[in-house]
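Dear colleague,

Please find the structure handed over to you below.

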Number of protein chains: 2
Amino acid sequence: MLLIWVLLTGIILTSAIVYAQDPLPSWNEGPTKQAIIEFVKATTDQSSPKFVPPAERIATFDQDGTLWVSHPMYAQVMYCLERVPAVVKTKPELAKVEPFKTVMSGNREAMAKLSMKDLEKILAATLTGMSVEEFNAEVKKWLEKARDPRWKRPYTELTYLPMQEVLKYLRANGYKTYIVTGGGQDFVRVYSEQVYGIPPEQVVGTAGGTKYGYGKDGKPFLTKEPRLLLNDDNAGKPEGIHLMIGRRPYAAFGNSPGDRQMLEYTKAGSGARLAMLVLHDDAKREYAYGPALGLPNTKVGTFPQALYDQAKKQGWTVISMKNDWKRIFAWEQ
Amino acid sequence: MLLIWVLLTGIILTSAIVYAQDPLPSWNEGPTKQAIIEFVKATTDQSSPKFVPPAERIATFDQDGTLWVSHPMYAQVMYCLERVPAVVKTKPELAKVEPFKTVMSGNREAMAKLSMKDLEKILAATLTGMSVEEFNAEVKKWLEKARDPRWKRPYTELTYLPMQEVLKYLRANGYKTYIVTGGGQDFVRVYSEQVYGIPPEQVVGTAGGTKYGYGKDGKPFLTKEPRLLLNDDNAGKPEGIHLMIGRRPYAAFGNSPGDRQMLEYTKAGSGARLAMLVLHDDAKREYAYGPALGLPNTKVGTFPQALYDQAKKQGWTVISMKNDWKRIFAWEQ
């Protein structure tokens with residue numbers, strides 16, 4: 001009897017210790033951190049009027065600029081640009097055609113001036129026309145050797161430690177965490193499990209169709225096609241959430257105008273809903289852009305005044321990288 | 001020490017008892033049941049060369065004719081036909097237009113002769129043009145009162161008990177179970193959790209687009225549109241699996257030519273893969289159609305000789321309802 005008592009006491013003490021541990025150690029104390037903790041408590045405490053049954057606990061995260069660095073250029077765009085030589089090798093006629101000619105020139109200044117239409121041509125040429133398996137293998141290979149220009153580290157190391165803590169904290173409390181990205185669904189799925197602990201089936205992103213066919217060996221395979229099925233940005237985010245998840249999230253995290261509708265849609269649900277917006281205002285440790293610099297919405301990842309105002313009005317929480325995050329990257333001291 | 005020993009022994013004995021319980025009590029002993037059990041053992045035993053890590057354990061199930069009765073007419077088609085009067089009430093001009101005129105006449109013989117094109121018009125009129133929430137509420141209401149013509153029971157009670165056992169058995173062994181249906185994704189999601197224990201985010205089906213907009217109160221909502229995003233049948237099944245799951249299943253279950261590509265695709269993966277085909281050969285307890293009656297592929301749910309031959313050739317397992325299933329429905333004695 002005494003032994004059982006000792007064992008039980010040990011278990012209770014251990015639980016108490018686990019509970020007392022700070023689930024968000026890379027966050028500074030303050031109302032932002034508190035908003036996350038209070039949301040989790042309100043939705044997981046059975047006696048709370050805002051309790052959410054485990055099956056309905058869905059949290060969605062934008063990726064670029066919310067979970068990892070997206071400045072000055074999205075990793076996926078870098079991938080596509082760096083794939084161009086290989087594509088031109090198999091289709092030499094492209095070398096003389098824009099925008100491939102500019103990319104092949106290696107002139108970074110000229111490349112920075114490419115239009116959205118040019119970029120779309122590059123995306124179509126580098127992301128489609130191969131089997132799903134070939135594409136996955138190419139992305140994996142690239143991720144291993146590619147380094148970002150500032151920290152000289154693999155892109156997969158540029159995830160924000162405070163957001164990784166939020167992902168784990170939500171999952172430990174029964175939330176299913178999803179990435180809902182304007183980036184390519186197939187691209188992000190290659191590394192989402194390893195980098196964020198999010199399995200491929202929980203990645204919603206911009207997606208093209210595939211075509212089922214048979215190889216010379218008679219084995220079936222899927223070829224990636226340029227046909228766009230889901231443009232997972234702006235209104236496409238709640239539409240994509242409905243298509244792929246079928247439930248309204250209880251928590252959503254974004255950083256740019258492309259996340260506006262996802263945050264609105266989440267916040268418009270009944271009960272406790274958490275909508276958070278990462279503000280890039282840390283020029284020293286990461287980047288400062290958007291209202292922190294008084295810039296209009298002109299560049300990738302910017303965050304215009306109108307979005308900031310909507311956040312304040314609709315009760316979203318703005319995360320200041322500078323003030324709310326104690327550490328930004330896991331490898332920082 | 002003795003006490004710990006007693007406790008541990010208790011735990012071990014309990015595990016042994018659980019293990020010894022038959023996970024598939026509604027299946028007759030034989031090679032079909034054995035194929036399922038051997039597949040689960042081979043893919044979950046860490047020492048097996050065919051071990052599959054838990055994160056990759058995906059099993060996909062067709063619904064109509066595989067998990068529940070689809071004969072003589074799909075439940076969803078019944079829903080759409082029965083919704084027509086309500087649609088005509090809001091749009092009286094439809095009453096004079098085919099195929100709505102025929103449906104409004106109530107003439108079952110004439111309705112049975114409607115073409116696929118007619119049916120598509122009825123589906124578009126009854127499944128789209130309302131908000132996602134309105135649609136869910138309508139389906140829920142219908143399911144409560146609708147009864148199938150033969151057993152006079154709610155459609156949701158016409159699921160096959162042996163397949164429910166397979167779903168649970170796979171889940172108990174770390175498999176994520178998905179429905180991959182030619183039926184409407186939004187339709188099946190309304191009841192999948194309650195009926196099969198499968199959450200809406202694990203239902204892949206024929207899906208239309210939605211449109212994000214704002215109500216008079218300024219609140220955002222999604223409207224169901226007739227624009228087809230995914231025709232989740234035939235080649236659309238592996239394409240839908242790639243879109244929505246992003247991994248090749250280890251096990252797949254179907255019953256008709258619309259499942260051929262899903263089964264092929266599953267079976268073409270490396271390691272242990274299970275492909276199963278439900279054969280409706282039980283005229284007494286359910287229905288007999290397809291090769292059991294020597295019929296060609298002419299009706300809903302039929303199963304032509306060519307599919308049977310492919311199953312034999314590619315190592316799929318054919319499930320005979322008549323011989324392999326001890327019980328068909330949970331409410332049967």
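**Interface of chain A and chain B**

In this predicted model, Glu133(A) and Arg248(B) form a salt bridge, with their closest N and O atoms 3.6 Å apart; the term stands for a side-chain nitrogen of Lys or Arg within 4 Å of a carboxyl oxygen of Asp or Glu. Eight salt bridges are found by this rule across the interface of chain A and chain B. By class, the side of chain A that touches chain B has 23 nonpolar, six polar and 13 charged residues (nonpolar: Ala, Val, Leu, Ile, Met, Phe, Trp, Tyr, Cys and Pro; charged: Asp, Glu, Lys and Arg; polar: the others, Gly among them).

In total, 42 residues of chain A are in contact (heavy atoms within 4.5 Å) with 42 residues of chain B. The buried area between the two chains is about 3500 Å², and carbon and sulfur atoms give 54% of this; buried area is the accessible area (1.4 Å probe) that two parts lose on being put together, summed over both.

Residues are numbered from 1 along each chain as its sequence is written, and chains are lettered from A and ligands numbered from 1 in the order in which they are written. Local features need pLDDT of at least 70, side-chain atom pairs count only at pLDDT 80 or more, and totals for chains, interfaces and linings use all residues, while side-chain values use heavy atoms, with hydrogens and water left out.
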